[in-house]
Amino acid sequence: MTKPATVKAALTSQSIETPSWAYGNSGTRFKVFARPGVPRTPQEKLDDAAKVHEFTGAAPTVALHIPWDTVDDYAALAAYARDRGLTLGTVNANTFQDDDFRLGSVCHPDPAVRRKALDHLLACVDIMDATGSRDLKLWFADGTNYPGQDDVRERQDRLAEALAAVYERLGDDQRMLLEYKLFEPAFYTTDVPDWGTAYAHCLKLGPRAQVVVDTGHHAPGTNIEFIVATLLREDRLGAFDFNSRFYADDDLMVGAADPFQLFRIMYEVVRGGGLTADVAFMLDQCHNIEEKIPAIIRSVMNVQEATAKALLVDRGPLATAQRTGDVLEANAVLMDAYNTDVRPLLTEVREEQGLDGDPMAAYRRSGWATKTAEERIGGQQAGWGA
């Protein structure tokens with residue numbers, strides 16, 4: 001049986017990156033719903049992120065998205081974050097919102113458009129240099145909608161060429177994280193549709209090219225924990241984008257649709273040494289109808305609960321049951337851990353860190369929502385329009 005002290009130590013050291021864009025307005029392709037107090041600038045996003053970290057103690061880094069978080073001085077933005085107890089984390093590139101990228105970005109048939117997309121990716125590395133960020137995350141909306149629209153193999157060649165140029169530009173302590181997605185916005189072919197495609201490209205580039213697993217980017221029924229186990233075994237799991245889905249890439253709060261799946265994923269992370277490896281755990285969510293900060297706090301707590309349950313799996317009896325072919329006992333060991341109420345344990349962990357045992361209640365009492373609604377008047381709220 002895993003000792004409570006060991007579980008507590010692992011939970012205390014767990015870090016979950018929050019995304020700057022989750023603090024802004026978001027929605028579906030039909031409507032973006034604005035809320036009072038939503039940040040207007042990258043600095044105000046960091047102010048909100050600092051509150052999440054203040055009450056959870058587990059969210060010390062914030063991911064940027066370029067150009068959504070463009071500023072004149074990125075070193076100054078990094079200093080602003082440090083003054084609030086945060087650091088700037090992953091830099092996310094955006095090659096899907098420019099009109100020139102209608103037929104793709106780095107896979108576009110026009111070399112001038114491909115050059116424009118590559119220049120943006122290289123500029124993101126420049127931003128990493130200024131902020132001290134380690135990771136560049138690449139997700140491409142590139143693909144086709146109709147058979148014959150473009151040469152599928154040539155698009156892979158174009159993609160490989162761009163990735164190689166970016167990889168060459170990275171500093172020695174920087175990484176490229178390649179994300180995949182089954183479909184959307186392209187519907188016939190997507191240029192990076194699955195973990196195998198991402199893994200193949202990363203394998204050719206070198207060890208600082210790693211795969212990102214977004215929990216919402218798979219076909220229904222996909223065994224995501226198998227993908228996690230395989231990539232950890234190959235030392236190619238670079239990052240997680242945590243969210244939840246009922247149908248496709250819903251970007252709901254992590255654990256909302258299938259908390260048992262989140263537990264199974266986190267068990268493979270624990271089993272494969274992912275908690276102590278250089279795997280970046282990040283939320284990638286759009287809070288459309290709920291309050292932003294409470295939703296992010298709840299998501300952090302959901303990851304912590306799934307992690308705690310995964311750490312409680314009694315791996316000795318589990319291994320014995322597996323070796324002897326005792327199917328029911330092996331499953332029972334996992335289910336015993338999953339069915340454990342770990343909330344009291346997490347309350348202890350937080351209180352031992354000097355935090356309130358109930359982050360949600362502590363945030364409500366802080367009055368931050370009222371304060372920001374009163375002060376953030378005028379200007380343009382952060383978000384994307386629909």
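This is a short walk through one predicted protein model, from its overall build down to a few single residues.

Okay, hi everyone. Quick ground rules: this is a predicted model, so local features need pLDDT of at least 70, side-chain atom pairs count only at pLDDT 80 or more, and totals for chains, interfaces and linings use all residues. Residues are numbered from 1 along each chain as its sequence is written, and side-chain values use heavy atoms, with hydrogens and water left out.

Let's start with the whole thing. The protein has 14 helices and 10 strands; these are DSSP runs, numbered from the N terminus, with helices being H or I of at least four residues and strands being E of at least two. Its radius of gyration is 21 Å, close to the 21 Å that the globule rule gives for 386 residues, so the protein is as compact as a globular protein of that length. That radius is taken over C-alpha atoms, and the rule is 2.2 Å times the number of residues to the power 0.38. If you boxed up the C-alpha atoms along the principal axes, you'd need roughly 60 × 60 × 40 Å. And 53% of the 386 residues are buried, where buried means under 20% relative accessible area, exposed over 50%, and partly exposed in between, using a 1.4 Å probe and protein chains only.

Now, the sheet. In what order do the strands of the open sheet come? It goes S1-S2-S3-S4-S6-S8-S9-S10, 8 strands with parallel pairing. Strands S1 (18–19) and S10 (280–283) sit at the edges with a single partner strand each, so one side of each has no neighbour in the sheet. To call two strands paired, DSSP has to find at least two bridges between them. S1 and S2 (residues 61–66) have 2 bridges, and Pro 19 faces Ala 63 there. Packed on the sheet is helix H4 (residues 111–131), which touches S2, S3, S4 and S6, and its direction makes about 175° with that of S3. Contact here means heavy atoms within 4.5 Å; the axes are lines fitted to C-alpha atoms, for helices over the stretch in contact, and angles run from 0 to 180 degrees between N-to-C directions.

Go over to strand S9 (residues 237–242): 6 of its 6 residues are buried. S9 pairs with S8 (residues 209–214) over 4 bridges, with Val 213 opposite Phe 240. Right-handed means that, with the strands pointing away from you, the path from the first strand over the helix to the second runs clockwise. On to S10: it's joined to S9 by 4 bridges, and Asp 241 stands opposite Met 282. The chain gets from S9 to S10 through helix H8 (residues 259–271), also by a right-handed crossover.

Last, some single residues. Val 52 lies in helix H2 (residues 42–56) and is buried at 0% relative accessibility. Beyond its neighbours within four places in sequence, its contacts include Thr 18, Tyr 23 and Ile 293.

Where are the cis peptide bonds in this part of the tour? One joins Ile 66 and Pro 67, omega about 20°, and Pro 67 is in the loop between S2 and H3. Another runs from Glu 184 to Pro 185, omega near 5°. Glu 184 also has a positive phi, near 80°, without being a glycine, and is partly exposed at 34%.
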